Amino acid sequence: MTRRMYPFYFIVVALGLYVVFAVVPSLMGLYLSLTDWNSFSKAVHFIGFDNFRTIFSSEENYLHGIKNTVVFTVATIVLKTAIGLLLAVLVNKGIRFRSFHRVIIFMPSIVPMLVVGIIFKSIFNPEYGLINEALRAIGLDQWTQHWLTDIQWAFKSIIAVDVWKGAGYIMVILLAGLQAISHSYYEAADIDGAGAWMKFKAITLPLLMPALTVTTVLNLLYGLKIFDTVYVLTNGGPGYATEVVYTQVFSQFSLGSYGVGTALITVLFIIMAALGYFAVKLMSREEQNG
Amino acid sequence: MSPNKRMKAVLSNIVIWMISLLAVIPILLIVVNAVKSGSEATSMSFKLPHSFEFGNFSTVIEKGKLGQSFLNSLVYSGIASGLCILFSAMAAYVLSRNKSRLNRFLYLFLILGIALPINYFTLIDVMKWSQLINTRAGIIVLYMVTQIPFSVFILYGFIGGVPKELDEAGVIDGCGPKRLFFSIIFPMLQPAAVTVFILSFLNTWNEFLLPLYYLNSADKWPMTLAVYNFFGQFQQSWNLVSADIILTILPVIIIYLLGQRFIIAGMTSGSVKG
């Protein structure tokens with residue numbers, strides 16, 4: 001009965017579209033990253049690992065982009081998790097209008113990044129932007145910065161905007177995790193005379209681990225693919241200071257040198273496929289246990 | 001309550017209000033400046049406008065071709081999310097009910113798509129080959145594909161909780177596979193389907209890279225691209241840019257406020273098991 005009632009053709013449309021428009025391009029990329037493919041000539045020649053040599057050579061800028069991507073990913077994971085956790089613990093108890101705050105704090109994550117970027121371009125503006133004006137108003141003139149055009153600050157500002165947008169999302173997931181922890185643990189700990197920090201360390205953190213794992217995986221996959229935040233705020237500038245892998249892919253696209261661009265995506269593809277494999281394993285294992 | 005505890009409660013309430021404020025300040029800033037005159041908005045601040053210029057909105061709708069791009073976005077996100085639910089639910093249903101070795105592999109293979117980056121270069125060839133490049137249908141298909149893996153993931157988890165006895169009852173009453181799915185199972189999936197629809201609608205509404213790469217005419221642009229283009233042209237007129245932004249994010253915020261229960265349920269499903 002199983003085979004007759006659950007026919008294979010139910011899967012075919014979703015699977016077919018996924019294979020044609022997501023898997024096939026990635027596999028084609030594996031081959032084309034070994035060629036001199038570009039938009040100027042029809043002929044495609046096999047050139048071995050030259051594109052990868054270009055990417056990993058110290059004379060080019062690509063390593064810098066890869067480094068920035070990693071820095072961005074690690075920084076946003078740490079900051080979003082720390083802030084999200086703090087907010088979740090704060091909202092979890094003793095707060096009036098809890099759902100109101102939850103709705104508001106989550107809101108930035110549904111606004112398009114393109115729009116958020118435009119808004120923050122105004123907020124960061126050195127002359128009339130909100131931040132510098134506020135700093136001047138309270139007499140901290142020396143703290144004012146060229147947030148997006150100073151090499152010291154540009155990448156930090158990008159990270160800050162991304163954390164502003166994403167921390168609420170992480171908070172909501174962790175909050176759901178906190179609410180799933182039974183009160184009886186805390187009551188037992190109270191009887192044993194545990195302090196707040198002890199309770200957090202011995203009960204909250206370990207029981208929150210599954211949720212923390214998920215948020216870390218989500219942040220990781222998001223961070224490595226980062227593009228729009230950088231694109232709209234600095235577009236890789238000043239100079240190449242804030243380039244990440246995807247902005248470099250984008251410039252290769254406009255330059256027409258598809259071979260190098262494809263090689264860049266392929267590097268990302270291999271890393272993401274490996275990480276994705278572990279993430280998928282993790283998610284399906286939890287399902288079997290649950 | 002001891003005074004110490006009360007102090008703590010007051011303090012955490014103050015902190016949370018400040019954080020909420022921090023989360024909405026940029027949006028409020030846009031709202032205030034959208035109704036200012038051009039010269040007042042040159043410095044984007046919270047100074048209240050002398051007079052409310054609601055004409056900004058009609059100017060923007062006209063100059064930014066917002067009507068057309070709004071319709072485009074609605075068509076892209078609406079159709080893509082609708083079809084995505086249908087196909088993902090069908091796939092998730094069979095994958096979850098018939099857990100053969102092959103289907104188990106196919107499930108993992110499909111949800112691996114949550115992680116994979118899109119290869120924009122080779123996708124051009126595929127789009128040309130399928131003759132979908134520079135077409136609205138092409139964007140709908142691509143949007144659908146980007147949302148399928150996550151949708152299958154959520155629906156698969158949900159279908160696991162729909163009792164199999166229902167299927168058996170249906171079979172005894174003489175249902176074929178299609179009838180069983182469409183008249184018995186699919187209606188049961190409503191809560192998860194709403195979540196999936198809202199999430200993929202918001203995700204695709206906010207997306208702009210795929211249309212940027214695969215649509216060549218501005219007539220077919222979705223709202224996000226239109227607003228970005230508008231920003232490029234009218235960088236100096238922050239009042240117009242603000243009005244444009246408000247009209248772009250208004251649908252998203254309305255959908256969010258109406259469906260926030262479902263969104264939060266969907267975002268947290270799979271991540272937390274009570």
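Buried residues, those with 20 or more other C-beta atoms within 10 Å of their own, make up 46% of the 274 residues in chain B. The model is a predicted one, in which local features need pLDDT of at least 70 and side-chain atom pairs count only at pLDDT 80 or more, while totals for chains, interfaces and linings use all residues. Residues are numbered from 1 along each chain as its sequence is written, and chains are lettered from A, with ligands numbered from 1, in the order in which they are written.

Chain B holds twelve helices and zero strands; here helices (H or I, at least four residues) and strands (E, at least two) are DSSP runs numbered from the N terminus. Its pattern along the sequence is accordingly written α-α-α-α-α-α-α-α-α-α-α-α. The radius of gyration of chain B is 23 Å, well over the 19 Å that the globule rule gives for 274 residues, so the chain is more spread out than a compact globule. That radius is taken over C-alpha atoms, and the globule rule is 2.2 Å times the number of residues to the power 0.38. Along the principal axes, the C-alpha trace of chain B spans about 70 × 70 × 35 Å. Two residues are in contact if their C-beta atoms, placed from the backbone, lie within 7 Å. Among contacts in chain B between residues at least 6 apart in sequence, 76% join residues at least 24 apart.

Within chain B, one helix pair can be followed in detail. The axes of helix α4 (residues 101-111) and helix α6 (residues 136-159) of chain B come within 8 Å and cross at roughly 130°. Such axes are lines fitted to C-alpha atoms, for helices over the stretch in contact, with angles running from 0 to 180 degrees between N-to-C directions. The helices α4(B) and α6(B) are therefore oblique to each other, given that angles under 35 degrees count as roughly parallel, over 145 as roughly antiparallel, 65 to 115 as roughly perpendicular and the rest as oblique. From α4(B), the contact draws on Tyr107(B), Leu110(B) and Ile111(B), and from α6(B) on Pro149(B), Val152(B), Phe153(B) and Tyr156(B). By class, this contact of α4(B) with α6(B) has seven nonpolar, no polar and no charged residues. In this classification Ala, Val, Leu, Ile, Met, Phe, Trp, Tyr, Cys and Pro count as nonpolar, Asp, Glu, Lys and Arg as charged, and the others, Gly among them, as polar.

The loop between α5 (120-129) and α6 of chain B contains Gln131(B), and Asn134(B) is found in the loop between α5 and α6 as well. Phi of Gln131(B) is near 60°, a positive value in a residue other than glycine, and Asn134(B), also not a glycine, has a positive phi of about 60°. Gln131(B) counts as exposed (12 or fewer other C-beta atoms within 10 Å), with 10 such neighbours. Asn134(B) has 14 other C-beta atoms within 10 Å and is partly exposed, the class that lies between exposed and buried.

Chain A has 13 helices and zero strands. Its C-alpha atoms fill a box of roughly 75 × 75 × 30 Å, taken along the principal axes. Buried residues make up 42% of its 290 residues. Of the contacts in chain A with a separation of 6 or more, residues 24 or more positions apart account for 70%.

Trp153(A) lies in helix α8 (residues 151-179) of chain A. With 16 other C-beta atoms within 10 Å, Trp153(A) is partly exposed. Leaving aside residues up to four places away in sequence, Trp153(A) touches Gln145(A), His146(A) and Trp147(A). The C-alpha atoms of Trp153(A) and Thr242(A), 89 residues apart along the chain, are separated by 10.0 Å.

The two chains also meet each other. Their contact takes 77 residues from chain B and 80 residues from chain A. Helix α1 (residues 3-34) of chain B gives the most to the side of chain B that touches chain A, with twelve residues. The residues of that side of chain B divide into 53 nonpolar, 20 polar and four charged.

A nonpolar core is a set of buried Ala, Val, Leu, Ile, Met, Phe, Trp, Tyr and Cys residues joined through C-beta atoms within 7 Å. Of the 161 residues in the largest such core, Leu174(A), Ala91(B), Val152(B) and Leu155(B) touch the most other members. Helix α6(B) gives the most to this core, with 16 residues. Not counting residues up to four places away in sequence, Val152(B) touches Ala14(A), Ser88(B), Ala91(B), Ala92(B), Leu110(B) and Ile111(B).
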